[in-house]
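Take a first walk through this protein model.

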Amino acid sequence: MRYIIKNNQVGFVLKNGIFQKIVMAGIWHFSKILGYQVEIEEMTGELNYMDVPYQVLAKDPMFLKATVHMEIPDGSMGFIYRNGNLTAFANRKEYTFWNVFDKYEIRIVSMAETEMGAEVTRQMLSLVPAKYYTCVQVGEGEIGLVYYDNVMQRQLSKGVYRFWNYTHNVTYTVLDMRQKELDIVGQEILTKDKIGIRMNVACMYKIKDAVEFTATISDLKGQLYSAAQLVVRAIVGNYRLDEILEAKEQISGEIYAALKEREAMFCVTFLTAGIKDIILPGEIREIMNSVLVAEKAAQANVIARREEVASTRSLLNTAKLMDENRTLYKLKELEYLEKICEKVGDISVNGSAGILEQLGKITGTGQAV
């Protein structure tokens, strides 16, 4: 039988189903009567073994020259390059490529070291299935803790880290080490004089030891909230309402000191703590407002009386000076006359009586004072 093999093709010669050799481009004749058969394949990409083991094909020197065969060892992964360009992730143990028109290679990366090396580029990683590695991203103000088979190995600072999941099962935790705020809103408290009030308290804290914190605390915010509630109730409950209103800063200091004593229990450092708002019941607010209005009215009355006394004292001092100094008396007369002239049209003064006396008669007051 006549076979025509093109330049980009190869023929696998079989006799009675047993591989004999390969033949390259040309015209070939093989007798079917003698049991010969030729399978033709293009020499591009990955080789189709034609159900013939590679070890059998490799006995042909021409086949070895035209192909490249690669095996990926255990604990490693491969990346397939064609003509120097990355094309695929090698997800099998062995590959055979035609190496005539395109040049193929497989670059091997070992997974023996759990932390991924710098030789694995971002382009390579984009082809690797996520199950093969763990990526840890640690941001500004954070600390990452890495565990191999649930055993803590190291702390990570800001950056991106990748680990192979081959030798160990890699897990991680990222903790925010920056300061945080804890608000206790609308906390109901019974004061020492049995008045129910509500209080808003704010705390600032940050994690002190990431490793100890992870090993000790499961729900930090919930536990801190409960602890702060108990502290606020215990301290504020020892004061009467008027004392709470007057000593707000002092009570805030006591709350902060009490929380500082509990820092080791929660693996945190308290930065600040204090009372934000005190919310009184409606009837208590009305009473307080009435008291405040009364106090302000009393203060205004005292100020008015003080000003009245001061004014009277000033008049008395002026009278004494006028009595002792005739010139000052005359000046006062002129001032008095000036004020009257501003209110009336024409004024006639005659006779020997004093100006003030005549003005007194004009205004109907009798005699001048």
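The paragraphs below move from the overall chain to its core, its strands and a few residues in loops.

This is a predicted model, in which local features need pLDDT of at least 70, side-chain atom pairs count only at pLDDT 80 or more, and totals for chains, interfaces and linings use all residues. Residues are numbered from 1 along each chain as its sequence is written, and side-chain values use heavy atoms, with hydrogens and water left out.

The protein chain holds 11 helices and 18 strands. Helices (H or I, at least four residues) and strands (E, at least two) are DSSP runs, numbered from the N terminus. Of the chain's 369 residues, 33% count as buried. Buried means under 20% relative accessible area, exposed means over 50%, and partly exposed lies in between, with a 1.4 Å probe and protein chains only. The chain exposes about 23,000 Å², and carbon and sulfur atoms supply 52% of that area. Accessible areas come from the Shrake-Rupley method with a 1.4 Å probe; for residues, only the protein chains shown count as cover.

Contacts tell another part of the story. A contact means heavy atoms within 4.5 Å. Take the contacts in the chain with a separation of 6 or more: residues 24 or more positions apart account for 61% of them.

Now go inside. The largest nonpolar core has 39 residues. Such a core is a set of buried Ala, Val, Leu, Ile, Met, Phe, Trp, Tyr and Cys residues joined through side-chain atoms within 4.5 Å. The residues with the most contacts inside this core include Ile-197, Leu-220 and Ile-255. Several elements each supply at least two core residues, among them β12 (142–148), β17 (196–207), α5 (220–236) and β18 (268–279). Which helix gives the largest share of this core? That is α5, with eight residues. Look at Leu-220 in particular. Leaving aside its neighbours within four places in sequence, Leu-220 is in contact with Tyr-205, Ile-207, Phe-213, Phe-266 and Val-268.

β12 also belongs to a sheet. This open sheet of three strands has the order β13-β12-β15, with antiparallel pairing. Its edge strands are β13 (151–156) and β15 (170–176), and each pairs on one side only. Neighbouring strands here are turned by 25° against each other on average, direction ignored. Two strands pair if DSSP finds at least two bridges between them. β12 and β13 are joined by five bridges.

The loop between β12 and β13 deserves a look. It contains Asp-149 and Asn-150. Phi of Asp-149 is near 50°, a positive value in a residue other than glycine. Asn-150, also not a glycine, has a positive phi of about 70°. Are these residues buried or exposed? Asp-149 is partly exposed, at 42% relative accessibility. Asn-150 is exposed, at 66%.

Finally, turn to β7 (residues 76–82). This strand is mostly covered, with six of its seven residues buried. Seven bridges join β7 to β10 (residues 104–110), and the two run antiparallel. β7 also pairs with β8 (residues 85–90), again antiparallel, over five bridges. Arg-82 takes part in both pairings: it stands opposite Tyr-104 in β10, and its bridge partner in β8 is Asn-85. The hairpin of β7 and β8 has two residues between the strands, and Asn-83 there takes a positive phi near 55°.

Conventions
Axes fitted to C-alpha atoms, helices over the stretch in contact; angles between N-to-C directions.
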